[in-house]
Amino acid sequence: MNRTILYLSILSILALAYCKPKPQITFESIVTEEFRPSYHFTPESGWMNDPNGLIYLDGEYHLFYQYYPDSTVWGPMHWGHAVSTDLLKWEPLPIALYPDSLGYIFSGSAVFDAENSSGLGTNENPPMVAVFTYHNAEEAETSSDTFQHQAIAFSLDKGRTWEKYEGNPVLPNPGIRDFRDPKVSQITNPDGSNSWIMTLAVLDQINFYSSPDLKNWRLMGEFGKNIGAHGGVWECPDLLPFKTPSGETKWVLLVSINPGGPQNGSATQYFIGDFVNGKFTPDDTMIRWLDYGPDNYAGVTWSNLPTEQNRTLFIGWMSNWLYANVVPTKAWRSAMTVPRELSLFDVDGTLLLKSAPADELEKLRSEEYGVSQEISELPSEAIEITANVNSDSFSVTLSNELGENLVISKENGLVSIDRRNAGKSDFHRDFAAIHSAPMSWEAKDIRIYLDASSIELFVNDGELVMTSILFPSSPWKNIAVSKNISSLKIFNLKK
Ligand code: FRU
């Protein structure tokens, strides 16, 4: 073989190897893979954490997310992307934002700049603008404190392709190590003009900034000193207006915290109060948790929902930094919670935040099974259970043929999910645990969403919520309920 032919053959072998399509994960292999949820969002492969850039535009719900495609443990962050028209089926789209010389792409939000205030689009084709944190990983290894900055990128084709703004960063770091996770919303000023408000996590506090154009930001107020839980750093905030049951306007500030949650590790607390001229004033000093389970973190809400939807729509990352990197899934790590609708309700004069499953979830229901009080067989791994509870103590036990079980109960004013014997747990010493939440008021009904590796419990349609991931060695097969549970229904959820 002469030299040219040898080179050509090597080149063609290399070309073939290079062009050979990577093994694709098909939809079939995804739904049959161990622990892969059927109706919760998961990335096809790789690592996922926080939901980012939640925005609705022209009939599509966009879900961006913290993503590391090259591994199933956390690493250089990208923004992964998926869209849905019904919040149930998600179409995976190409990665939206890649890390670059300014750093990894950390968490943030997206807005529709309808008036083209940023000048990044045109009046005819206004831009979708993503506001995110650049995290310079190399600098973070040094003694520098200025490795996180806020930046923007824009899309003129409904989020399909993105361009980073050439003047980044738009909010440089003032010398604070933890300076991240911008959540931007638009508010209307008393004179009718609009302002952009950025809610930003800064160490264990929140800063509010205002901007006319998403490029120039001015500090308006700070919140959090000596109030709320401070067992860890504050992350992924969100600021939301609500109507109270009596028709007043109140603002809710969501703040994720890691560690320092009520069940160890990460969790989301919230404050209720007034927001005026960039200053948030809480009504009281009570610590409130959005979800009392261990596995709902960094959740935020969708922007730009049509006013006629008249709702606040939330999704969270269904894991906990305590063990997220070591849970026993293979091709991918982590799922999102089901989408939830947030609203305020009143218990004996105290306002609390309720998270109900989004209405769309009812469309997943296929066969319905009425169940007797006796142990009955469950139809699949993906089910919804609804029931009335007519006493202040009840229990529901799910079990499999290997003797593993999962117990949901209320007793002595505590709602609990016991996952001590619910399957694989040896990957982390704190995983096998019973988690409890105080509920001083009456429980009337429960709604449970089960999927291959999770349970979401909604008491009184979300007045108390607990989200927990689980890794049963074989699917739950049986259900047993206590005597004081009535109208028990089980829905098989279609995929
Ligand atoms: C929260 C968080 C954010 C950060 C991102 C990095 O889970 O730590 O504060 O932007 O994850 O992936």
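**Entry 1: the ligand**

Which residue has a backbone N or O atom 3.2 Å from an oxygen atom of the ligand? I found that Ser-107 does. The protein covers 95% of the 320 Å² of accessible area that the ligand has on its own (Shrake-Rupley method, 1.4 Å probe; for residues, only the protein chains shown count as cover).

Before going on, I noted that this is a predicted model, where local features need pLDDT of at least 70, side-chain atom pairs count only at pLDDT 80 or more, and totals for chains, interfaces and linings use all residues. Residues are numbered from 1 along each chain as its sequence is written, and side-chain values use heavy atoms, with hydrogens and water left out.

I then looked at side chains. An N or O atom in the side chain of Gln-66 is 2.7 Å from a ligand oxygen, and one in the side chain of Asn-49 is 3.1 Å from a ligand oxygen.

The shell around the ligand (residues with a heavy atom within 4 Å of it) includes Trp-74, Met-77, Phe-106 and Arg-180. By class, I read five nonpolar, three polar and four charged residues. Here Ala, Val, Leu, Ile, Met, Phe, Trp, Tyr, Cys and Pro count as nonpolar, Asp, Glu, Lys and Arg as charged, and the others, Gly among them, as polar. Strands β1 (46-57), β5 (104-112) and β9 (179-188) each supply at least two shell residues; strands are DSSP runs (E, at least two residues), numbered from the N terminus.

**Entry 2: two shell residues**

I checked Glu-235, which sits in strand β13 (residues 233-243). Glu-235 is buried, with a relative accessible area of 11% (buried is under 20%, exposed over 50%, partly exposed in between; 1.4 Å probe, protein chains only). Its side chain makes a polar contact with the side chain of Tyr-297 at 2.6 Å. A polar contact is a pair of N or O atoms within 3.5 Å; within protein, one must be able to donate a hydrogen and the other to accept it, and residues adjacent in sequence count only if both atoms are side-chain atoms.

Asp-181, in strand β9, has a positive phi near 65 degrees. It counts as buried at 5% relative accessibility.

Most residues other than glycine have a negative phi, and most peptide bonds are trans. Ser-487, in strand β34 (residues 485-493), has a positive phi of about 50 degrees. I also marked two cis peptide bonds: Asn-168 to Pro-169, with omega near 0 degrees, and Asn-258 to Pro-259, with omega near -10 degrees.

**Entry 3: salt bridges**

How many salt bridges are there? I got 26, taking a side-chain nitrogen of Lys or Arg within 4 Å of a carboxyl oxygen of Asp or Glu.

Glu-456 and Arg-340 form one, with the closest N and O atoms 2.7 Å apart. Glu-456 lies in strand β31 (residues 454-459) and Arg-340 in strand β21 (residues 340-347), so the pair ties together parts that are 116 residues apart in sequence. Glu-456 is buried at 0%, and Arg-340 is buried at 0%.

Lys-250 and Asp-274 also pair up, at 3.1 Å from N to O. Lys-250 is buried at 7%, whereas Asp-274 is partly exposed at 31%.

How values were computed:
Helices (H or I, at least four residues) and strands (E, at least two) are DSSP runs, numbered from the N terminus.
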